[in-house]
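Could you take a look at this one with me? I have jotted down some points to go with the view below.

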Amino acid sequence: MVHARFIEKALLAFWVIIMNKSGIGAIGENIAQKYLAKQGYKIIAKNCIFAGCELDIVCILPKNKQKMILKHKYKNGEIKSEGALKFLLESTCDTLVFVEVKYSSTRIYGEPFERVDIHKQNQIIKASQIFCTKNQISLPCRFDVVSIVGDEINHIENAFESRF
């Protein structure tokens, strides 16, 4: 009888840990979703699982938003010539963005984005390929990480590239 009670308590403790982790992840994903929407991204999917990997947020950065960003970069001197700006504006198209969200309430264990290691990157890339195939999407893709500590948001665009 003692053995059964011990197992029951252990399972309950495990369930509480799992629920707390998924709850924390949901908090981070909601923060990231609001942030991305405010930045002009169009959210098209959340929490999709392919090849055993969850794609936290899938969104589109519309070409008109990208054009605004390019014009801003030109004004700030990040794009040096009008010719370069014109070329970039003409070649701009919608971009499919796969966003991995990492949330933490503290930096005790480092920055949240540091948990997106090469193994996780490969999983996300594989899942994104399946997502695009199943949904017949053929847009240029980008992989971003939104790293959140408390109320600080660090959006890392082009955090990694597909190696396949």
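The notes below go through the sheet, the aromatic rings, the cavity and a pocket.

1. Ground rules before anything else. The model is predicted, so to speak of local features I need pLDDT of at least 70, and side-chain atom pairs count only at pLDDT 80 or more, while totals for chains, interfaces and linings use all residues. Numbering starts from 1 along each chain as its sequence is written, and side-chain values use heavy atoms, with hydrogens and water left out.

2. Start with the sheet. Five strands make up an open, mixed sheet in the order β1-β2-β3-β4-β5. Strands here are DSSP runs of E with at least two residues, helices are runs of H or I with at least four, and both are numbered from the N terminus. Two strands count as paired if DSSP finds at least two bridges between them. At the edges sit β1 (42–50) and β5, each pairing on one side only. From one strand to the next the twist averages 30 degrees; the axes are lines fitted to C-alpha atoms, and angles run from 0 to 180 degrees between N-to-C directions.

3. A closer look at one end of that order: β4 and β5 run antiparallel to each other, with six bridges between them. V146 has H155 in β5 as its bridge partner.

4. Now the rings. There are four aromatic pairs, where rings of Phe, Tyr and Trp (its six-membered ring) pair if their centres lie within 6.5 Å, and planes under 30 degrees apart count as stacked, over 60 as edge-to-face and the rest as tilted. F98 and F131 make an edge-to-face pair, at 5.8 Å centre to centre and 90 degrees between the planes. Because F98 belongs to strand β3 and F131 to helix α4 (residues 118–134), this pair ties together parts 33 residues apart in sequence. Both F98 and F131 are buried (under 20% relative accessible area with a 1.4 Å probe, protein chains only; exposed is over 50%, partly exposed in between).

5. The other pair I'd flag is F143 with F160, which is stacked: 5.1 Å centre to centre, 20 degrees between the planes. Ring pairs link F50, F98, F131, F143 and F160 into a cluster.

6. What lines the cavity? Residues E54, L55, D56, F98, V99, E100 and I124 line the largest cavity, with β2 (53–61) and β3 (95–104) being the elements that give two or more residues. By class that is four nonpolar, no polar and three charged (Ala, Val, Leu, Ile, Met, Phe, Trp, Tyr, Cys and Pro are nonpolar, Asp, Glu, Lys and Arg charged, the others, Gly among them, polar). On a 1 Å grid over the protein atoms alone, a cavity is a set of points where a 1.4 Å probe fits but cannot get out, a pocket is an open set with protein on both sides within 12 Å along at least five of seven lines, and lining residues have an atom within 4 Å of a point.

7. Finally, the second largest pocket, at about 350 Å³. Of its 13 lining residues, L61, Q66, L70, T95 and R142 are the closest to the centre. The largest share of the lining, four residues, is from α2; α2 (63–75), α3 (82–91) and β5 each give at least two. The lining has five nonpolar, five polar and three charged residues. Volumes are the space filled by probe spheres set on the grid points, which are joined across faces, edges and corners.
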